[in-house]
Amino acid sequence: MMRPWSAILLLWAQEAACTAGHVVRLHRLDPGGHDEMREAEERWHRGDFSMPERVAGKYWRLPRHQALSLLEHHEVAMAASSVADDGRRVSGAQRHFMDREQETSIPERAQAVTRLMGISSVHVGPLAVGTKLVPENCHTADGRPPAYVQMTALEGDEAALLQAGSCVASDEASLQVVMDSGSTNLWVAEATCRSAPCLKHNRYNCRRSTSYSGSIPPAPELSIEFGTGEISGAQGVDDVRIGPVTVKTQDFGMIQEEVGEVFSKNPIEGIVGLGLPAMAAQGTTPIMENIIKQKLLKRNLIAFYFSRDNPSANGMFWGGIDPNFYTGPMETFQVTKPYYWSTGLESFKIGGHEMLGRVSPPRRTSARSGLLQLVESESVLTAEEAVALTSAHKRREMKAVLDTGTSYFSAGSGLFRRIMRRLPVAMCSAITSESHPPITFRMRNIRGEPRDYAFDNRHYMVASSPDADSECHPAFMQVDLPPKEGPGMILGHIFFTEHLVAFDRADGDPNNAVIHVARARKGSEVQQHLANLTRHQPKFRVKAHAD
């Protein structure tokens, strides 16, 4: 029998699924960079939803340098090992992760911010920050606050407004930002950043914003690593506009230093962390918390629809889910611990072989049973010890973490090596369903019913070129979650391209958060529907600069 709260969550899920909400189109930034982005956007706005030959095909094809990077990761994770300080043997990749976990101030003046791992799958959407008057320092004739006009709608019209004596309010900056469920803080590129990658981007100038509330004294600067990159800067407060909402007095990190390849190659002008509040830097308020507090959405829900092949055909839903983007039933999963967007992972199979070492599902009441056994014995168990035991049990459960910012699947070191032995690198033409069988993730929905999510080798093997003799690599990486939050597997971009995923904060309490999953609908009709819904959204653009 379901708990009353579970029944309420299911009712909310059904209502959210019947509410289309507001959709914003996202663009996936592939390693091809600016040229591919311009080309994809031109095709999209012509209504051409076909894909060029280089991205079509049986296997997901990686650009050469990305394929080499994945191969190097596999080689390091499988071959390199070292002895940790406590005598345990860990792989080189795991030691790198452990070292990063121990870094609490990079640079020393900054407070380190948590992110699940480096962003490798980058989906960007529009974010407007701050307020400016157009023309500058203008006033309305009747003394009322000027009407708001979106910045992109003003392009080329400022001179006409000046001549007409009109006065409007607009965005100080319109940026292309990463929508990231694996981090929680908001970041925007700021005008004082003089690092080489910053100069290629549009940036927000807090000194020109009439709604800027100043920095947050005595809050420290923030710093966060994203795989091969790092950003840092002071904290500020201003109004931001994202999707259908305007969030008042939102605090964010102002990017005043950018270092790394990920920022040099892609027009990333900020990051919107959509994770749960436990991941946020101390003293900061995540944007979702303010959206909930200010009651800006009908439902405290965001959802993602990602295309496997078309980098322009991605959508982010606010406050509801459009049923035209999925097919079949929508399953609801309880977030097991409100840190990552994660739920319990009961089983992971390659073919018919169980990889998690379980032959039967875990007893859902095992922690409670353990408590009863201790209470019924002669041992004395305090309330604090009971809570600690239950928390320890929850920490040991395997998790499935759903992350929009990760390209591949991931597994902890030991499981990763077992996966690689069963799914070896092979010539794409030689792969069969016997050599590389389907993989299956099993999770239990909020009713306690098992649900399987299977992927055949077309989804989890990636090719380094479109040629028939290309080499194919398993789309798995080794990532060891922090001991307090693991163990777990990350389900990244590959999972999202096959399923519409919604992150639902329900009544706003992180302990009541749930995840909804449904099979994604595919085809040109869905892309045309997305194009119709977002026809007034401006093109994604790249700031002109010398590459």
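Trainee: What pattern do the disulfides of the chain follow?
Mentor: With bonded cysteines counted along the chain, the pattern is 1-2, 3-4, 5-6. A disulfide here is a pair of cysteine sulfur atoms within 2.5 Å. This is a predicted model, where local features need pLDDT of at least 70 and side-chain atom pairs count only at pLDDT 80 or more, while totals for chains, interfaces and linings use all residues. Residues are numbered from 1 along each chain as its sequence is written, and side-chain values use heavy atoms, with hydrogens and water left out.

Trainee: How many disulfides does a search of the whole structure find?
Mentor: Three. One of them joins Cys138 to Cys167, with 2.0 Å from S to S. That link is right-handed, with 65 degrees about the S-S bond.

Trainee: Which parts does that pair tie together?
Mentor: Cys138 is in the loop between β7 (132-134) and β8 (147-148), and Cys167 is in the loop between α6 (158-164) and β9 (168-170), so the bond ties together parts 29 residues apart in sequence. Helices (H or I, at least four residues) and strands (E, at least two) are DSSP runs, numbered from the N terminus.

Trainee: Are Cys138 and Cys167 buried or exposed?
Mentor: Both are buried. Buried means under 20% relative accessible area, exposed over 50%, and partly exposed in between (1.4 Å probe, protein chains only).

Trainee: And what about Cys428 and Cys472?
Mentor: They are joined by a disulfide, S to S 2.0 Å. The torsion about their S-S bond is about 100 degrees, so this disulfide is right-handed. The pair links distant parts of the chain, 44 residues apart: Cys428 is in the loop between β27 (426-427) and β28 (439-444), and Cys472 is in strand β31 (residues 471-474).

Trainee: What relative accessible area does Cys472 have?
Mentor: It is 0%, so Cys472 counts as buried. Cys428 has 9% and is buried as well.

Trainee: New topic. Which way do the residues of β25 point?
Mentor: In strand β25 (residues 399-402), Lys399 and Val401 point one way, Ala400 and Leu402 the other, and all are buried.

Trainee: Which strands does β25 pair with?
Mentor: β22 (residues 342-344) pairs with β25 in the antiparallel sense, over three bridges. β33 (residues 488-491) runs parallel to β25, with four bridges. Two strands pair if DSSP finds at least two bridges between them.
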